[in-house]
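Student: Could you walk me through the packing in this one?

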Amino acid sequence: MSESDRILILGGGGVAGIAWATGLLTGLADQGNDVSRAGTVIGTSAGSAVGAQLGSGLSLEELYARQVDPALQAAEIAAEFDADAFAASFAAAYEAADSPEDQRRRLGRLALEAKTVPEAERRAVIVSRLPSDRWPGHRLLIVAVDAETGEPRVFDRDSGVDLVDAVTASCAVPGIWPAATVRGRRYTDGGVLTIDNAELALGRGARRVVAVLPMDPENLPRPSGTFADVVGKLRAEGAEVAVFTPDEASLAAMGTNALDPATRAPAAEAGRAQGRAAVLPW
């Protein structure tokens, strides 16, 4: 089976999610199951950063070291926010909206109106996360959402958009980080559409699909259906599908604030242990 027959889906989950996903992929490789070499990678929010890192030329071991070694870690900004107020603002947007598109537009307005760090400061964080600013050789699809229209946008190497800008846009959590400006448009987090955007894997003829999801997609809204529905469609297309979400130990290591940089080392270590113990269905 060639790498072009494989799709890797990387979901959102903050800096803790980046660390956990990197650890899990490294742990899987430790036991001889390197699933990172997929022909197509779909990255949303934290997953966009992991997907870009996978194509940087560094090995999984080197990427893992960048999560657990303080001397190698990215220069993250500690997000200071009221978790309850943050959740309430999202809930209000969902309750007031009359359609999924309206929900995304309302969250876009929240992003555009929020007082955050300057865009340049946030973009510098993404620069420090990525070992390379070049689009990788594999097909990397990065999802963001237009903050004004609510329309999803998928960036890839053919879109004419800088990789750093694409990842910055996909990681722009509304109300926490500034909406990212890309070619005159403002974009917000790809997780505003769905936390995984697994639908992008449909119709691509994949034989194997691996989803590495720091946040359980079944507990989060999506425009229609459920994550399980998407998995069912992929299997109906002939794909073998493996889904990984954090186990109990990983959830404990990731903590209650996925944006806390202090979670990186423990989340990566827990993810690696989980990956080493994981069983793939093939």
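This is a predicted model: local features need pLDDT of at least 70, side-chain atom pairs count only at pLDDT 80 or more; totals for chains, interfaces and linings use all residues.

Student: Which residues touch the most other members of the largest nonpolar core?

Tutor: That core has 47 residues, and L8, L25, F155, V167, V212 and F244 touch the most other members; a nonpolar core here is a set of buried Ala, Val, Leu, Ile, Met, Phe, Trp, Tyr and Cys residues joined through side-chain atoms within 4.5 Å. Helix 1 (residues 14–30) gives the most to this core, with eight residues.

Student: And what does V167 touch?

Tutor: Not counting residues up to four places away in sequence, V167 touches S48, A49, A52, I126, L130 and I142, where contact means heavy atoms within 4.5 Å.

Student: Switching to helices, how do the axes of helix 6 and helix 7 cross?

Tutor: The axes of helix 6 (residues 119–129) and helix 7 (residues 163–170) come within 9 Å and cross at roughly 115°. That makes helix 6 roughly perpendicular to helix 7, a word that covers angles of 65 to 115 degrees. R123, I126 and V127 in helix 6 meet V164, D165, V167 and T168 in helix 7.

Student: Last one: is A242 buried or exposed?

Tutor: A242 counts as buried because its relative accessibility is 4%, and buried means under 20% relative accessible area with a 1.4 Å probe, protein chains only. A242 lies in strand 8 (residues 240–244).

Notes:
Residues are numbered from 1 along each chain as its sequence is written. Side-chain values use heavy atoms; hydrogens and water are left out. Buried means under 20% relative accessible area, exposed over 50%, partly exposed in between (1.4 Å probe, protein chains only). Helices (H or I, at least four residues) and strands (E, at least two) are DSSP runs, numbered from the N terminus. Axes are lines fitted to C-alpha atoms, for helices over the stretch in contact, and angles run from 0 to 180 degrees between N-to-C directions. Angles under 35 degrees count as roughly parallel, over 145 as roughly antiparallel, 65 to 115 as roughly perpendicular and the rest as oblique.
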